[in-house]
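Please look through the sequence and the structure below before reading on.

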Amino acid sequence: LTGQGGISVIASRITLEGPINDDITYMISGRRMYLDLLLGLFLSSEDKKNTPDYYFYDFNAKVNYKISDKDRIYVSGFFGRDVIGASPGSDNSNNRNESLDFGINWGNSTASAKWVHIFSPELFGNSTLIYTTYKFGSEFKETSYDDNGILKTNQFISESQIRDFSLKADVQYFPDELHTIKTGIEATQHRFFTSIGDEISNQFGGLLATENTINAVDAALYLQDEWRITDKLSTNLGGRLYYFQNGNYLRFEPRAQFAYQMNDDIKFTSSFSIANQFLHLITRNDINLPTDLWFPSTKTILPSTSTQGMLGFETTFGEKKDYLFTAEAYYKDMRNLLEYKDTASFSFGTPVESQFVSGRGEAYGLELFLNKRIGDFTGWLGYTLSWTKRYFDELDNGHPFYARYDSRHDLSATFTYDLSENIELGASWIYQTGFAYTMPIGTYSLDPSTSNQWGSTNRLYSDRNGYRLPSYHRLDVNLGFKTHILGMKSTISLSVYNLYNRKNPFAQYVQNDYDPNTGDVTPVLKQLTLFPLLPILSWSFSF
């Protein structure tokens, strides 16, 4: 029996593995984050109102059975869930009752059985049966005053579920030292469930929510060859024939990768691929919280298609090749992407797919990576400069706009330094440009002379995804001491998460504040923040 684990003030984990007998071994592992129970210790009462609760847990297990020298069976399972939410309630200090209550939860469950058979030293195969479920649910309730000081409530709910049964079989063949050939087939039976509702639906207990349940089968056949053409030139050539039942779509997906090793220190790479996706991710751009909705292709909703190319460069340098540097430039063209209409309605009886419009997109950028791999001081620096644009004739008057998760700059730096044989110092810093979404930027009245009448003043929104959240950045540091506790190899760590207490935005929204003394209604930009500065003491062990 062997194991490893850790206990800290915010989370715990444990992994155990060992033999059942000479032919059967097992592994079990679990984690639980309980920061939601302790977050109040690190926050002031004011910050607590703007900090959602968050926790996650997961569990997985695996059993390996050696049937014979040529056969193995693996059975495994996984279950995990994340939950985040906030219910700020009222703020009686200013006689206000506005609030943004929300709950978001998502998770995966899977079980699989795999049989590996060795036919000969040159040929072996895998057969796998898989069951998976995925769920994502979100619910929002915003209570705010209108321009006349009247309290109003807006609600939105969405839920996506995907359940799959899959059967896969593949073989790998090594005909000689120059080729590694892999081919296989797979088939999946899907069940897609979606549900969307608004404030009217919620008033009737969700009975008016628009629901869809769609069943579909897909199948694929693929073949690839890893081919070392010369001592310096190698390639991976492959293709995939893909069938999706809804709409009877049949697509071919070619792909190719090339690598040229100019010398011991310099390598050039390139790749090209065409891919199809029969499952679409649609998000609301006017809600700055996750509203993921997964919807499959149908006879009227075409699969999305991407064509992508990449050029790369890799080199090592230093006395002992201490350093690795890579650079990659890429371009991706995407067709048949989906977005909600500007006039999307989620009332009862409205087909969900009628609220989508189709367009195209492109993504391109440059990725740089520098890694110090040897010595007491090690670490890496990574930087990505990227653009992700959308082009929809029916949205934003046909103007191009950035995708919700477009992020111009993404920078990560991390290092570790061995102060002694048993003491290690580590730090990491990340920076990311804020995501884009559609934001209220003002109000307007169609008839200024009646601006104080009911419903005469409306919110003016930015261009689609024309507003950016503030940039996200954070510094974490860690000091670890290696020792032995209770006879086990152990590390005692003192970490500080978010060292300079950056209030990074999880979401921003505009809400009206009402002053009962003057009768004035003032729009205010408000922000939800996840985690403040957190000192964390932890014990990691292995036996």
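Is K66 buried, exposed or partly exposed? With a relative accessible area of 32%, K66 is partly exposed, where buried means under 20% relative accessible area, exposed over 50%, and partly exposed in between (1.4 Å probe, protein chains only). The model is a predicted one, in which local features need pLDDT of at least 70 and side-chain atom pairs count only at pLDDT 80 or more, while totals for chains, interfaces and linings use all residues. Residues are numbered from 1 along each chain as its sequence is written, and side-chain values use heavy atoms, with hydrogens and water left out.

K66 pairs with D69 in a salt bridge whose closest N and O atoms are 3.8 Å apart, a salt bridge being a side-chain nitrogen of Lys or Arg within 4 Å of a carboxyl oxygen of Asp or Glu. The whole structure holds 12 salt bridges, and another of them joins E186 and R240 at 2.7 Å, N to O. Because E186 lies in strand β9 (residues 179-198) and R240 in strand β11 (residues 233-244), this pair ties together parts that are 54 residues apart in sequence; strands (E, at least two residues) and helices (H or I, at least four) are DSSP runs, numbered from the N terminus. Both E186 and R240 are buried.

A further salt bridge links R468 to D406, with 2.3 Å between the closest N and O atoms. Here R468 sits in strand β26 (residues 467-468) and D406 in the loop between β20 (401-402) and β21 (409-418), so that distant parts of the chain, 62 residues apart, are linked. R468 counts as partly exposed at 25% relative accessibility, whereas D406 is buried, with a relative accessible area of 0%. Salt bridges with shared partners also connect E186, R240, E253 and R255 in one network.

Turning to the strands, the chain has 31 of them, along with three helices. Strand β29 (residues 505-515) is largely enclosed by the rest of the structure, because nine of its 11 residues are buried. It runs antiparallel to strand β30 (residues 520-529), and 10 bridges join the two, where strands pair if DSSP finds at least two bridges between them. Within this pairing, V510 has L525 in β30 as its bridge partner. Four residues lie between the strands of this hairpin, and G519 takes a positive phi near 80°.

Across the chain, buried residues make up 40% of the 543 residues.
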